[in-house]
Amino acid sequence: MSDFYQNGIITNFHNLTRRSVEALENDLKQFSRSRPMGLILPSLYSELEGPALSHIVDELCKVPYLSEIVIGLDRADREQFLKAREFFSRLPQHHRILWNDGPRLQALQQELAQENLAPLEPGKGCNVWYCSGYVRASGKAEAIALHDCDIVTYDRGLLARLIYPVANPRFHYEFCKGYYSRIASGKLNGRVARLMVTPLIRAFKMIYGPLPYLDYLDSYRYPLSGEFSMRADVLDGIRIPSDWGLEIGVLSEVHRNFSTKRLCQVDIADAYDHKHQPVSEEDPSGGLNRMSMDIAKAMYRKLATLGVEMSVESFRTVKATYYRVALDLIEAYDHDAAMNGLKLDRHSEEAAVELFADNIMQAGAAFFESPRDKPFIPSWNRVQAAIPDLQDRLFEAVELDNSGEV
Ligand SMILES: O=C(O)[C@H](O)COP(=O)(O)O
């Protein structure tokens, strides 16, 4: 059973009564009359072959309140795209797949690149960005949820709880983030969130002083969760990173654009498990190694926009402070795990912290050398101003890919 704590910065929706999914869905069906709802699923083709997505689609088939499901498909050739069309065809809701690597969407990417408006590299952020542009062009949804496609513990209650705070017409929330405990096979997971993001935020607070932004970020119980929902217009004005910095980037943007009274988080699952990536110590271009680097860069770029002055020396201090805070937190995780009869491998936790500490330092150096490296993707508002018909053409291209010859 969850507590009912409100930390005061953003509203916290708990799961106090284990209300049934049917009861939540009845409410949502009513809300959908005045506030239609959509779902974005950023996916890799390889996830269609994994254990999670087929079950997610089975669950989504039973969801009675969605007007639209938009699947962003990455790393698929023509044959794989056709397989994906078949795979998702059992969804009873109106649905469309964005074939991001297909010729129609690639032509639009080229056109955007000529105006310096295209995402500079593929990745989850890039995928979500194109899906957002499409959803806004289609205009079918006013409240939109987004979740990962590798959740092996998925049930449709997760989606109902995630979208509820932005779907209820009586509430005034613009953005809602999902949280949960990542416990599976008797151990604590969520290595980057627990061992990197939380201690890094605390280290920043100690070094750069209290900042409303850092207090705000620290109030999210799972800042890296890939599950969030928002009112549709939020998607027009945000600038997001194209890479693994997406989640932190979105939290930063909604903080910049809205009062914290309009932001909230919701308990979406008792347990959550997903595909675990390797730490990838040897290869900085993959796994948690790459993820931690992207996240650290996104955080430095955000701090710079808040007027925080950083120097090479201060990155050394960040690394040392982060390391100390992270070790203390491992102690807390270890004790909490022990009392709950869970396992925690202190050696691999500390090894991960050592790697993250190096990346935090390297990300700082990289930021210092070229602060414009991998800038945020422009907002759709800006694209709209530069190429007014691009979103309509994105819509048309997706329609053709989904219903016609490819
Ligand atoms: O959220 C995280 O910390 C990363 O996605 C890694 O998660 P994992 O440790 O559960 O694989």
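1. Arg18 sits in the loop between β1 (11–13) and α1 (21–34); helices here are DSSP runs of H or I with at least four residues, strands are E runs of at least two, and both are numbered from the N terminus. Its phi is near 50°, a positive value in a residue other than glycine. Arg18 is exposed, with 9 other C-beta atoms within 10 Å. For the burial labels, a residue is buried if 20 or more other C-beta atoms lie within 10 Å of its own, exposed if 12 or fewer, and partly exposed in between, with C-beta atoms placed from the backbone.

2. A word on provenance. This is a predicted model, where local features need pLDDT of at least 70 and side-chain atom pairs count only at pLDDT 80 or more, while totals for chains, interfaces and linings use all residues. Residues are numbered from 1 along each chain as its sequence is written.

3. Another positive phi turns up at Arg75, near 55°, again in a residue other than glycine. Look for Arg75 in the loop between β3 (66–74) and α4 (78–88). It counts as partly exposed, with 14 C-beta neighbours inside 10 Å.

4. Now the ligand. The residues around it are Arg182, Asn189, Gly190, Arg191, Val192, Ala193, Leu224, His276 and Gln277, picked because the C-beta atom of each, placed from the backbone, lies within 6 Å of the molecule. By class, this shell divides into three nonpolar, four polar and two charged residues. The classes go like this: Ala, Val, Leu, Ile, Met, Phe, Trp, Tyr, Cys and Pro count as nonpolar, Asp, Glu, Lys and Arg as charged, and the others, Gly among them, as polar.

5. Strand β9 (residues 228–231) is covered on both faces: Phe228 and Met230 are buried on one side, Ser229 and Arg231 on the other. Strand β5 (residues 143–146) runs antiparallel to β9 and is joined to it by four bridges; two strands pair if DSSP finds at least two bridges between them. Leu146 has Phe228 as its bridge partner in β9. Strand β6 (residues 175–180) is also antiparallel to β9, with three bridges, and Cys176 stands opposite Ser229.

6. How many residues of strand β10 (residues 263–269) are buried? Seven of its seven are, so the strand is mostly covered. β6 pairs with β10 in the parallel sense over six bridges, and Tyr180 has Ala269 as its partner there. β1 runs parallel to β10 too, joined by three bridges, with Phe13 partnered by Val266.

7. Among the buried ones are Arg161, Tyr164 and Pro165.

8. Asp27, in helix α1, lies 8.6 Å from Tyr164, C-alpha to C-alpha, although 137 residues separate them in sequence. Asp27 counts as partly exposed, with 15 C-beta neighbours inside 10 Å.

9. Last, the core. The largest nonpolar core has 116 residues, and those with the most contacts inside it include Ile40, Ile144 and Ile163. Such a core is a set of buried Ala, Val, Leu, Ile, Met, Phe, Trp, Tyr and Cys residues joined through C-beta atoms within 7 Å. Not counting residues up to four places away in sequence, Ile40 touches Val70, Gly72, Val128, Cys131, Val135, Ile144 and Leu146; contact takes C-beta atoms, placed from the backbone, within 7 Å.

Technical notes: Two residues are in contact if their C-beta atoms, placed from the backbone, lie within 7 Å.
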